[in-house]
Amino acid sequence: MLEAEFHSVAWSGIGVLLNDAADSPQNRTMPQMARSVLGGVPGAGDVLPASWRPSALLVHLGTNDFTPGHEMSVASFAAAYVELLLNLTAEADSRRPASKVSPAPVTAAEPPPVFAACGPMGTRGDHRGEYFPCSDIWDALAALGAQRALRIHPLDFQRLYEVDANVGGCNHPSVQGQQRMAEIARPVVERVLGWSESIT
């Protein structure tokens with residue numbers, strides 16, 4: 001849709017702090033998997049090329065952490081979420097080396113903006129219940145992120161499951177649901193990054 005290159009890390013059932021029946025190696029959570037090139041092989045290819053620097057990070061986590069019965073708190077989740085973002089942005093931003101002729105302080109590049117998605121699973125319209133507190137999470141992320149110079153922008157996918165056709169297998173979004181999510185995300189990404197629909 002935006003014709004942009006992307007690197008995706010996706011694994012069903014994985015959370016930030018708690019998994020939900022995730023078939024991940026050694027039950028690893030996303031902070032342990034996020035930099036993996038070969039997610040199914042612990043310790044194998046866990047580093048992306050140093051030259052790869054994203055324009056933005058889009059994170060869609062929390063449904064598994066807040067699965068009923070986990071008793072996850074917003075404060076604990078948000079703190080772990082921000083630490084994950086800091087680790088990802090720290091690896092994404094290479095530090096500029098000082099000049100050999102005229103040494104200068106080493107400064108870090110501005111972290112790329114983060115898009116924090118929430119819903120549709122666990123939000124209004126989900127027949128399995130409304131257990132994902134999106135607004136509380138966004139508020140907590142905004143407060144913590146501001147303290148750490150992170151620009152966090154919400155992506156709101158709540159209420160998509162009010163349309164049955166947006167619900168797919170295993171309660172994940174259907175193809176139509178995923179298309180609708182892309183349509184919601186596109187203008188937000190365009191506005192924040194200053195992109196047009198077609199990248200040339």
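1. The largest pocket of this predicted model has a volume of about 2,000 Å³. Of its 49 lining residues, Phe6, His7, Ser8, Leu58 and Val59 are the closest to its centre. A pocket is an open set of points on a 1 Å grid over the protein atoms alone, where a 1.4 Å probe fits, with protein on both sides within 12 Å along at least five of seven lines; lining residues have an atom within 4 Å of a point. The volume is the space filled by probe spheres set on the points, which are joined across faces, edges and corners.

2. Local features need pLDDT of at least 70, and side-chain atom pairs count only at pLDDT 80 or more, whereas totals for linings use all residues. Residues are numbered from 1 along each chain, and side-chain values use heavy atoms, without hydrogens and water.

3. The second largest pocket has a volume of about 200 Å³. Its lining comprises 13 residues, and those nearest its centre are Asp20, Asn64, Met121, Arg128 and Cys170.

4. Asn64 counts as buried because its relative accessibility is 15%, buried meaning under 20% relative accessible area (1.4 Å probe, protein chains only). The side chain of Asn64 reaches the backbone oxygen of Ile14 at 2.7 Å.

5. Leaving aside residues up to four places away in sequence, Asn64 touches Gly13, Ile14, Gly15, Leu18, Asp20 and His70; contact means heavy atoms within 4.5 Å. Among these partners, Asp20 is also one of the residues nearest the centre of the second largest pocket.

Key
Buried < 20%, exposed > 50% of the residue type's maximum accessible area, 1.4 Å probe, protein only. Polar contact = N/O pair within 3.5 Å; in protein donor to acceptor, adjacent residues only side chain to side chain.
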